[in-house]
Each structure stands twice: as structure tokens, then as C-alpha cells.
Amino acid sequence: MSATLPQCVLVVDDDEGVALTFSRMLRLQGYRVETATNAETGLALATAHKPDAIILDLRMPIFGGVEFLRRLRSAHTDADGAAPSVTIVTGDYFIEEPIASELRQLGAQVCFKPLWVDDLVDVVGRMLAPPPPPPDTRA
């Protein structure tokens with residue numbers, strides 16, 4: 001009889017304090033957590049650990065959240081089609097419409113910092129919840 005591993009959440013944020021705080025908050029809720037302080041390391045961890053959900057900062061040096069999502073979705077489309085749920089968590093309250101539109105197309109939700117423990121747990125819970133069943137169309 002094997003024990004089921006807790007669900008894994010990857011936190012990618014170039015602010016090390018935010019990444020560590022989110023990580024601690026989620027570990028206290030029983031999640032396995034991987035953290036990265038740049039998008040490149042985050043992509044490597046996403047490939048290695050296959051997280052169930054990703055909390056992702058929008059603005060990071062070298063390449064940010066949008067490019068991270070492009071590469072993540074491309075890698076999963078090429079590999080097996082399955083990709084983790086992603087929520088962008090940003091302090092940028094004014095996201096330009098072309099960027100917001102692309103984030104939606106890439107399947108990401110957006111939340112704004114600061115996030116308190118209950119907010120973060122709620123965001124992750126929604127990402128990991130099974131999708132609702134399709135409506136019954138039988139007449």
C-alpha cells in the first residue's frame with residue numbers, strides 16, 4: 001500500500017522574500033512546494049517535478065511570466081498535452097490589454113499582490129479543484 005504524495009505547487013517569483021513566504025504558507029497547508037527566483041529555473045523545475053499548479057510572477061528579469069507561459073505550454077503541447085494550472089500573482093495593477101489577452105489565451109488566471117494566507121490557499125485550491133461536470137443535456 002503506497003501513500004499518496006501531497007499535491008505539488010511551484011512558486012516562481014524573482015522576489016526571494018515573496019517566493020519563500022508563499023512557499024512557507026503553502027507547506028503549512030500540506031502542499032509539496034518547489035520555488036524558483038527566475039523563470040529559467042522555474043521552467044527547469046516544472047519539467048523535473050511536474051507540479052500540479054504554478055504560482056507565477058508576471059514581471060521578472062531576463063524573461064517574465066508571459067514568456068514562461070509560452071514556453072511551458074509549448075513544452076507540454078509537444079510532450080503530452082497536459083499542463084499544470086497557472087495563476088499569475090502580480091503587484092502590477094495595470095496590465096496592458098494585449099498582455100492580459102495573451103495570458104487568458106495561455107490559460108492563466110491573474111491575482112494581485114498582496115495575498116494573505118487565506119487568499120493564497122483559496123487560489124491554489126481553485127487551481128487544483130477538479131473541473132465541474134458537464135451539464136446534463138439529456139431531455
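Predicted model: local features only at pLDDT ≥ 70, side-chain atom pairs only at ≥ 80, totals over all residues.

Biologist: How many salt bridges does the structure hold?

Modeller: A pair counts when a side-chain nitrogen of Lys or Arg is within 4 Å of a carboxyl oxygen of Asp or Glu. By that rule, the number of salt bridges in the structure is 9.

Biologist: Which parts of the chain does the pair Lys113 and Asp13 tie together?

Modeller: Their side chains meet in a salt bridge, at 2.7 Å from N to O. Both Lys113 and Asp13 are buried. The two parts are 100 residues apart in sequence, because Lys113 lies in the loop between β5 and α5 and Asp13 in the loop between β1 and α1.

Biologist: Is Asp92 buried or exposed?

Modeller: Asp92 forms a salt bridge with Arg59, with the closest N and O atoms 2.6 Å apart. This pair links distant parts of the chain, 33 residues apart: Asp92 is in the loop between β4 and α4, and Arg59 in the loop between β3 and α3. Arg59 is partly exposed, at a relative accessible area of 39%. Buried means under 20%, and Asp92 has a relative accessible area of 18%, so Asp92 is buried.

Biologist: Which residues are linked in a network of salt bridges?

Modeller: Here the links go on to form a network. Its members are Glu67, Arg70, Arg71 and Glu102.

Methods:
Residues numbered from 1 in each chain as written. Heavy atoms only, no water. Helix = DSSP H or I, 4+ residues; strand = E, 2+ residues; numbered from the N terminus. Buried < 20%, exposed > 50% of the residue type's maximum accessible area, 1.4 Å probe, protein only.
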